[in-house]
Amino acid sequence: MRSRDLTQNEAISNVVIDSSKKLHLTKDSRRNGRRSKTQSENSLPSITESSDSEELKPAVEPDPCPAYDYDAESGPDIANVSEFAFDIFRYYKSREKQFHVPDYLSQHPNLSKQTRAVLADWMVEIQETFELNHETLYMSVKIVDMYLSKTKGVVKDDLQLLASAAIFIACKFEERSPPLIDDFMYVCEEMFNREQMIRMEMKVLDTINYDIGFPLSYRNVRRYARVTKTDMPKLTLARYILETSLMFYEFIGVSESLMAAAAILLALKMHDKETTWTPILQKYSGYKAEDVEPLMWELNHMLHKRRVMYDRLETVFSKYSHEVFFSVAAIPLLPDVYTLERPVQAPPSSSPK
């Protein structure tokens, strides 16, 4: 028993505290397990933290509706991961700045807003053709924008290959059974071969540093609809608004969570003009009415301008005119607070914080 106690004391005494307050083993202990001469044989040094080394926690705003907890109510449904849902979306929001897309058209003289709109419209068509998840569509558009923001001199002839590679990457992330390269070659009428597709996929992933865990507005809008118990027609209208915005280059730098918040508010107002931003939406989005409303009116302006700017790009409009999507594209728009001649533009305060 005595030898066992000595062994334990020796092991304990080999632990020392350095100036940075990290635990480590001494050189003697790493070699032979011998007791360090710098420590007392019978005691473990106490660890004390000075108060000035503690990080100050950010102030937490009061809960705008403490009596309501959607995640607690949905606890029995394991698909909602109620224990983690609030923190998951807070984490998504914290990552938005990392994936902010800056203005990049100046880096690509051969591209324009119109060119990008045509490309986004085509990507929606591919999403429908392959019956892909909507998350796949939003992720693939984000991949294209991230890639273009980090490169220079991309030409129009490469855009379809780029978009195909982006969709292919997103499919591997989101889909159970992603399309094959041959499927992309077929829908693109053999404009590229397998080797070109694989090389582009590798180039895109390398350029964006293999990080595709993007926060997506589509995930946020579904979350907001759940917590407010919004019915499917209104959620589908919000999805139509968001999907239309994919064509508009003006919104590439907008916060994903704010974009979703503005879309859900606009959808609710299009059903009932008296709708206002609620404490529940504030609680689960982190935004106040004054944060959301400027972008909401820009999205409403966008819907008016679409018929003028992109009258030939009808994929999204046709898709959401179908009864499967409750024909939400046919719902009358709110009056435009701006003149039709005014360009679409994201509010200055809409970038990720």
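1. A friendly place to start is the lining of the largest pocket, whose residues divide into twelve nonpolar, ten polar and ten charged. Here Ala, Val, Leu, Ile, Met, Phe, Trp, Tyr, Cys and Pro count as nonpolar, Asp, Glu, Lys and Arg as charged, and the others, Gly among them, as polar.

2. Please keep in mind that this is a predicted model, in which local features need pLDDT of at least 70, side-chain atom pairs count only at pLDDT 80 or more, and totals for chains, interfaces and linings use all residues. Residues are numbered from 1 along each chain as its sequence is written, and side-chain values use heavy atoms, with hydrogens and water left out.

3. The space in that largest pocket comes to about 890 Å³. It has 32 lining residues, and Arg90, Lys93, Lys283, Ser285 and Gly286 are the closest to its centre. Two or more lining residues come from each of α4 (85–94), α10 (217–227), α12 (256–271) and α13 (279–285); α4 gives the most, with five. (On a 1 Å grid over the protein atoms alone, a pocket is an open set of points where a 1.4 Å probe fits, with protein on both sides within 12 Å along at least five of seven lines; lining residues have an atom within 4 Å of a point. Grid points are joined across faces, edges and corners, and a volume is the space filled by probe spheres set on the points. Helices are DSSP runs of H or I, at least four residues, numbered from the N terminus.)

4. The second largest pocket holds about 310 Å³. Ala79, Phe89, Arg219, Arg222 and Arg226 lie nearest its centre, among 15 lining residues, which comprise seven nonpolar, one polar and seven charged.
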